[in-house]
Amino acid sequence: MLYKKASSFSHVEFDVYENWQKMSFRNRCILAGSGGPVSLSIPLEEGRGQRKLTRDVRISNRYPWQTQHWKTIVSCYNRSPWFEFYRDELELLYQQSFEFLVDWNLACWRWSVKKLGWSVSTGVTAERIENLDVTKWLDFRNELLPKSIMHKFPDPVMYQQVFEDRIGFLPHCSILDLLFCEGKNARAVLSK
């Protein structure tokens, strides 16, 4: 849903001074697997209940999470129409080492924006912002949560998914699902 909303923006700013929020999409995403939704979660140092600024949250690289995530992505999408088109570059992203979650998230954002062909500038906040000026900014910090996304965004982006004939359409999957299923048409799908 973030990508649909962001498709009309010229600039996206990530708040790295917000307090870490557990049970969010900040360290997880949902893929469409053959048996239903598959959740990928990045392990964190100090666990999910830490009380830190988002910029200070470290990835726990003691676990081979990137290898496991990549195997899951291949398993879910190796038969999708556009997987081979994106595979090599995405695999290189999964082979890079990241210490902080925000760096991983920004790298993923930039990769996907590039694949969508958007010319959107991306930045991070320079300080803590308690109250955004709603005449200038849209604030999604507390809007995109797994527990409330279906309620807050009841009209998901629709497109043909790999296993839709078996399990039905799975709304609010990762941008990877849209890219692997729609390829270069993903941008048009998001702007509908």
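Begin with the cysteines: the structure holds zero disulfides, a disulfide being a pair of cysteine sulfur atoms within 2.5 Å. This is a predicted model, in which local features need pLDDT of at least 70 and side-chain atom pairs count only at pLDDT 80 or more, while totals for chains, interfaces and linings use all residues. Residues are numbered from 1 along each chain as its sequence is written, and side-chain values use heavy atoms, with hydrogens and water left out.

Select C29 next, whose sulfur lies 8.3 Å from the closest cysteine sulfur, that of C108, which is too far for a bond. At C76 the closest cysteine sulfur belongs to C173, at 9.2 Å, again too far for a bond; C76 is buried, with a relative accessible area of 5% (buried means under 20% relative accessible area, exposed over 50%, partly exposed in between, with a 1.4 Å probe and protein chains only).

Now show α7 (175–182), where helices (H or I, at least four residues) and strands (E, at least two) are DSSP runs numbered from the N terminus. Eight of the eight residues of α7 are buried, so this helix is largely enclosed by the rest of the structure. Its cover includes α1, β2, α2, α3, α4 and α8, and just after α7, G183 takes a positive phi of about 60 degrees.

Finish at L90, which, leaving aside neighbours within four places in sequence, is in contact (heavy atoms within 4.5 Å) with W70, I73, W111, L176 and F180.
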